[in-house]
Amino acid sequence: MEKENNIALECKNITKTFGNVVANKNVNLSVKKGEILSVLGENGSGKTTLMNMISGIYFPDEGSVFVDGKEVLIRSPKDAFDLKIGMIHQHFKLVDVFNGVENIVLGMKNKKFNIKNATKEIQETCNKYGFEIDLSKKVYDLSVSEKQTIEIVKVIYKGADILILDEPTAVLTPQEISKLFNVLRKMRDDGKAIIIITHKLNEVLEISDRVSVLRKGEYVGTINTSEANEQILTEMMVGEKITLDIERSEPKNSVDRLVVKGLDCYNSDGVKVLDDISFTAKSGEILGIAGISGSGQRELLEAIAGLQKLSGGEIIYHNPKTEKEDNLRNKTPIEIRNLGVRLSFVPEDRLGMGLVGNMGITDNMMLRSYKKGKSAFLQRKEPKNLANKIIKDLKVVTPDANTPVRRLSGGNVQKVLVGREIAASPTVLMAAYPVRGLDINSSYTIYNLLTEQKEKGVAVIFVGEDLDVLIELCDRILVLSGGRVTGIVDGRSTKKEDLGLLMTKSKSGKENE
Amino acid sequence: MLTFLVNAIRLGMTFLLGSTGETITEKSGHLNLGTPGVMCVGASCGCFAEYIYFDAVGVIGINPVLAILIPVAATFLGSALMGILFCFLTVTLRVNQNVTGLALTTFGVGVSDYIIDKTDIIYSLGSDYFTASLPFAQNLGWFGELFLSHGILIYVALAIALLTSFVLNKTKVGLHLRAVGENPATADAAGINVSLYRYSATCIGCGISGLGGLLFIMDYLNGNWEYCVDAIGWLAIALVIFTVWKPNLAIIGSIIFGALYIMSTYIEGFSTETKEIFKMLPYIVTVIVLLFTSIRDKKKNQPPQSLGLNYFREER
């Protein structure tokens, strides 16, 4: 294939910070016309932030963007359109009750409004690139891949020459992926510049001409795909090992606490999110769970806590008090909680699940114990003592125990959340992303808390994003990829690259659907 | 029977104006529960303007065209101001829409009482101009009585409903407006000015709703002010739901509502209590419609997706 040395888009020294979190630091990137560039990186490496700056959703703090060799300012999505930059977001921006054509012509200027002509033109565009789509169907009747097609057609019809696709394959089946790739190749041959964000190595190698790698917001480098292989890319992606100073004790008196066998689970869209998951969580150790976000971590934890409907498998709990075995699948969430299985789920939205933002720490403590009181009136004394204990032990910075938790900083909110679950002296403690958004010191407080629990003989399950932390903190690490267990490794001997490879390991021949 | 139908149409058109205005507002994603208040303010502004005008020119100097245009303009302006207030609170200050709407209703009812207390409460003179119909209508038998004997605003109401239906479904402005109400983030990403669309749709919508109030006083009540315009407003909101956000369906729906509302007066032998039960019928019918639409769960007949939600670009 002939390549022109014609740069369509170039970013120089882009920096973007959110508060004191650096999302992008001195990132350089360039894409030529008639080329597919992959942007590769782990979760939180700043891929999407960078693309959002190119498409006008964020504005960079520093650095400059060049389109066709000219420096440009992109202040809004409209500016990006005018520069012929089109972005296909991970979450589609479509109006459900409109049909395909209506969605595509939405917001078009300088054109006489004529649905008939527009339909004809759009159909021609579809034929040119080989899209197969019924444009008269309402969006809510379309499948995910058809919605994506509408998004792509929309961007092309509006005249975009630079296309950005944010994890386009995440929601597609293999057949749909190969169809998408064919379309992308056709567009490339038509002279369009295409940027595709992904973390699947095999796709990078299959589709792209060059690969740019980001790591923790920093630009690592760009190589030609022909010179790359999975090993090289993984190394670029995960980088050198950083030594953290987390105290890790040897597990003592480990016994099986939770045995999970062959869990299967479908989400509301009918997609299999957990596929034959089996593992054992032992008392007195921290089991880490690694994986690209959305690989089934959330569903797995919720399944154990009794919040997910399962289609197969069982969860056996070895009760240390009665020495009996219980199958948690037959129990209600409250029964599971009473057995001592505690889920301290810290989702993206900290206040969304677990705490009530407008209530004080004391009241939030009561959310877990309101059933205890015998009289109709609230018993405030106990939760108040607990709240004060948590404030003291975990050094929560707050004026007093009655300040609404919404006013506390993220780290303090998380301490309250984790502290409350620990206070119930659990036998199994599950924490998902407990340090997300926290500064170093608060993170260490949480790590130490988890280690402390482990030493008390609790089976701790820790879902984390940072591979360095997982390796330093956990005794064993379970790796999830696409809802399957791709490996359970020892935290002391494993290397980051191994984890990275396991995380990006694509699904084997047996596919869903 | 004929008078019953004629009056059902007259009252129905009041509902129609109110609900067309509310539909335009709701299509932009604004759940304006202030419509009863808006209709009160609209009616009282119109009456007040008529009072001032008659006072200024005297009985002999009245120009029939101005006698209609002045109150209509005053009504539209007064109601649109209420719309601006609603938008300022919800779009600019991002206050909760339900709270704002209910506050506007209480506010509107109070303001209109205040305005009306400054003037007469009988506008039969002005009402004559509003109810003036085509001279030959009386000669055309039941057909003329039913369809041609009405005042000008009745036909305006019909025209507005049909026009709204056309604009919403067949034009670019309508497409954009619906997109804003369904999914403002998408509309924003497509380069549509969400705030502008919400402001204008709400103001125009309130203006139209307000005309409904004026029609109620000047036409249906023949110029006798009654302190019950807000009740009509609530029915107008119910009508929006009853006709699943379709102004052209609302034409028929409004007449049904009108008929149900006044039915008890035309059937002999009911006690006052029973009559009040009959007045509930429109609401009961609305509840039944809501039941059916939610059971069938057809996406076509659902309210705009982001109805009642304020939009803020940087919120994720």
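1. Let's start with helix 1 of chain B: 20 of its 26 residues are buried, so this helix is largely enclosed by the rest of the structure. "Buried" here takes 20 or more other C-beta atoms within 10 Å of a residue's own, "exposed" takes 12 or fewer, and "partly exposed" is in between, with C-beta atoms placed from the backbone. Helices (H or I, at least four residues) and strands (E, at least two) are DSSP runs, numbered from the N terminus. Helix 1 covers residues 2-27 of chain B and should span 38 Å at 1.5 Å a residue, which agrees with the 36 Å between its end C-alpha atoms. That expected span is 1.5 Å times one less than the number of residues. Just after the helix, Gly29(B) takes a positive phi of about 95 degrees.

2. A word on what you are looking at. This is a predicted model, in which local features need pLDDT of at least 70 and side-chain atom pairs count only at pLDDT 80 or more, while totals for chains, interfaces and linings use all residues. Residues are numbered from 1 along each chain as its sequence is written, and chains are lettered from A and ligands numbered from 1 in the order in which they are written.

3. How do the two chains meet? There are 14 residues of chain A in contact with 15 residues of chain B, where contact puts two C-beta atoms, placed from the backbone, within 7 Å. Helix 2 of chain A (residues 77-82) gives the largest share of chain A's side, 3 residues. By class, that side has 8 nonpolar, 1 polar and 5 charged residues. For the classes, Ala, Val, Leu, Ile, Met, Phe, Trp, Tyr, Cys and Pro count as nonpolar, Asp, Glu, Lys and Arg as charged, and the others, Gly among them, as polar.

4. Gly107(A) deserves a look. Its place is in the loop between helix 3 and helix 4 of chain A, and with 23 C-beta neighbours inside 10 Å it counts as buried. Leaving aside residues up to four places away in sequence, Gly107(A) touches Ala190(B), Gly191(B) and Ile192(B). Within its own chain, the C-alpha atom of Gly107(A) is separated by 9.9 Å from that of Lys158(A), 51 residues apart along the chain.

5. Next, helix 5 of chain A. Its 14 residues (144-157) should span 20 Å at 1.5 Å a residue, and the end C-alpha atoms are 20 Å apart, which agrees. Buried residues in this helix include Ile150(A), Ile152(A), Val153(A), Val155(A) and Ile156(A). Their cover includes strand 6, helix 3 (100-105), helix 4 (115-129) and strand 7 (162-166) of chain A. Gly159(A), just after the helix, takes a positive phi of about 90 degrees.

6. Helix 8 of chain A (residues 230-238) has Leu233(A), Thr234(A), Met236(A), Met237(A) and Val238(A) buried. Among the elements covering them are strand 3 (35-40), helix 7 (201-207) and helix 16 (496-504) of chain A. Gly239(A) follows this helix with a positive phi, near 75 degrees.

7. Which residues other than glycine have a positive phi? Lys84(A) is one, with phi near 65 degrees; its place is in the loop between helix 2 and strand 6 (85-88) of chain A. Asp276(A) is another, at about 55 degrees, and lies in strand 12 (residues 272-282) of chain A. Lys84(A) counts as partly exposed with 19 C-beta neighbours inside 10 Å, and so does Asp276(A) with 15.

8. Back in chain B, the axes of helix 3 (residues 64-92) and helix 4 (residues 97-117) come within 10 Å and cross at roughly 150 degrees. That makes the two helices of chain B roughly antiparallel; the cut-offs are under 35 degrees for roughly parallel, over 145 for roughly antiparallel, 65 to 115 for roughly perpendicular and the rest for oblique. Axes are lines fitted to C-alpha atoms, for helices over the stretch in contact, with angles running from 0 to 180 degrees between N-to-C directions. By class, the contact has 5 nonpolar, 4 polar and no charged residues.

9. Helix 8 (residues 172-182) and helix 10 (residues 194-220) of chain B also have axes that come within 10 Å, crossing at roughly 105 degrees. That makes this pair roughly perpendicular.
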